[in-house]
Amino acid sequence: MYCDKCGNNIDDGLLFCPYCGSNLQQQIPQNAQQNAQQGTVQNSQQGMPQNAQQVQQNNQQGMPQNVQQAVPRNNQQMQQYQGMSHNPIGEGASKKKMSTGMLVGIICGAVALVGLIVLLIVFLVGGDDDKDKSDKKADKKTEATVEETTTEAETETETVTTEEATTEAEKLNDSVVKEVKEDYLNVLSDHNANIRNYTWQRGYNASVNYPVSIFEMKDSQIESLAFMEAPNSAVADLYMYSYVDDSVKEVLHVKDLDAEVAGGTVFYVATIDDSDEIFIYHSITDEGSDEYFEVYSPGSNGIYGMIDSYECSSWPNEDYTSMVTTYSHNNVEIEKSEFDTFINGKQDSIDTFLMYSEGEDIDSLVSRHDSECYTMDDAISELSEGLDVDTESMFKTTLPITTDINFVFASGAGGWSTDMTIDEDGNFKGVYHDSNMGETGDGYPNGTMYYSSFSGKFKNITKIDDNTYKMEMDYYNTDQTPDTEEIYDDILYIYTNPYGIEGGKVFYLYLPDKPIYELNNEFLSWSLGILGDKSNDVTLGCYAIHNESTGQGFFEYGD
């Protein structure tokens, strides 16, 4: 036969032209091609096993791309291909058709088989890859799970450790706070006498003073302590203690902040909003007045020093016809407007008053802010809360006397006296009697007796100096009800309160070496009827008890 494309004579039964490579099947007339295909397919299907038919059918429906690419594309490949798959036919047209159909079936089967093999290889290789990937994913997941579990475990451990550390820190802080509070109590104990000696903070008629403050400064986790004390009966100083560099230290001492002067003095001490500054005002008034507004701030060592001072001074001129007022800042004279701007700004920024004296203007200013003022006893109670300390022993001061000392309060005129004994802890007992045998009546021909048997206790015993102890009246009781009466042994007994004790709030015990010049004249006058005139003596020479409120005095009287 001849190729329609190139015209060369070629053998019958070839699928492709060996010269030009064109498809010879497409050159067969359509009816002949259809007959050939029908016969080929029919014969091929009849002689093909069922599973092979299925493979061929699947292969015809979709041949893998790589298998299609395996079809010969050049003459040499086609010749090799024909040599392997073609047997020459020389027996007529029907045999040619059969041979062609069988050849097509074989080729299709081979292609299908190759396709299956390729698919199997891909599957196996891909399966291994997938397995590897799956294993790797599993490994990664396992690693991630382990890592996550480990992280969770580590986090839990860290959390526990952190909680333990926090708890330990809290314990440490709590321990430090307790130590600081105990140190503050020791400070108050050391200054106890002078703190209690400061009696004029709220005026002469005040029954209670508030000379102690316990307060927090800015960014401070532990409170600070401030208090006023009077080293003598004229002036009082301010002290402030804080926890600095792992210990309690005195960080501020302002001398003579308050004074008992004729013209009067007032003061206040305050903290400032969002600041570690202390703002202090104090003034002294006599013929004129000097007012000081001072700002104190801590240095790198925690000790406070003055960083600002404003002063207003107002005094009469030389001929006393008018008052001259000047204003200054750090000793440099300034205008009133500059002074007012500073003072108003500072007063508006006050956070807490630590302590203050009497005065309407001060009371008005304090009412607009907070205050942290304590009595001495309340401060001791506040600081000792939660501590295992014996504050009674810590702040207890005993009197240097014995109970066999007999004190007498008498004028030397008339038949009256109050006899009393007192022990070192301030417990006392005694009898007051005033006999008036001339006051008689029906049922009591032997006269009248004013009488009181009593007992009581002094508290807050404080050593003022080597020869002076201060005491406060805690209570006293009488064995009989005052203002009642009864007749006994023909005598009318009228029961009263104990004379010399009644009305007293503050008492002083004087020791024999007390200088006479330090004693109040009214008090000393009560010694005349017992000891005689002591005005020319250098020292007292005996024990004595002074009722400050009434001016009356008890003196030691021997057998």
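Modeller: This is a predicted model. Here Ile278 stands opposite Tyr296, which belongs to strand 7.

Biologist: Which strand pairs with strand 7 through eight bridges, and in what direction do the two run?

Modeller: Two strands count as a pair if at least two bridges are found between them. Strand 6, residues 278–285, is joined to strand 7 by eight bridges, and the two run antiparallel.

Biologist: How many bridges join strand 7 to strand 8?

Modeller: Ten bridges link strand 7 with strand 8, residues 304–316, and this pair runs antiparallel. One example is Asp290, whose bridge partner in strand 8 is Ser313. The hairpin of strand 7 and strand 8 has five residues between the strands, and Gly302 there takes a positive phi near 85 degrees.

Biologist: How many of the residues of strand 7 are buried?

Modeller: A residue is called buried when its relative accessible area is under 20%. Seven of the ten residues of strand 7, residues 289–298, are buried, so the strand is mostly covered. In the protein chain, buried residues make up 38% of the 559 residues.

Biologist: Why does Cys312 count as buried, and why does Cys373 count as partly exposed?

Modeller: Cys312 counts as buried because its relative accessibility is 8%. Cys373 counts as partly exposed because its relative accessibility is 21%. A search of the whole structure finds zero disulfides.

Biologist: How many helices and strands does the protein chain contain?

Modeller: The protein chain contains twelve helices and 22 strands.

Notes:
Residues numbered from 1 in each chain as written. Predicted model: local features only at pLDDT ≥ 70, side-chain atom pairs only at ≥ 80, totals over all residues. Heavy atoms only, no water. Helix = DSSP H or I, 4+ residues; strand = E, 2+ residues; numbered from the N terminus. Buried < 20%, exposed > 50% of the residue type's maximum accessible area, 1.4 Å probe, protein only. Disulfide = S-S within 2.5 Å.
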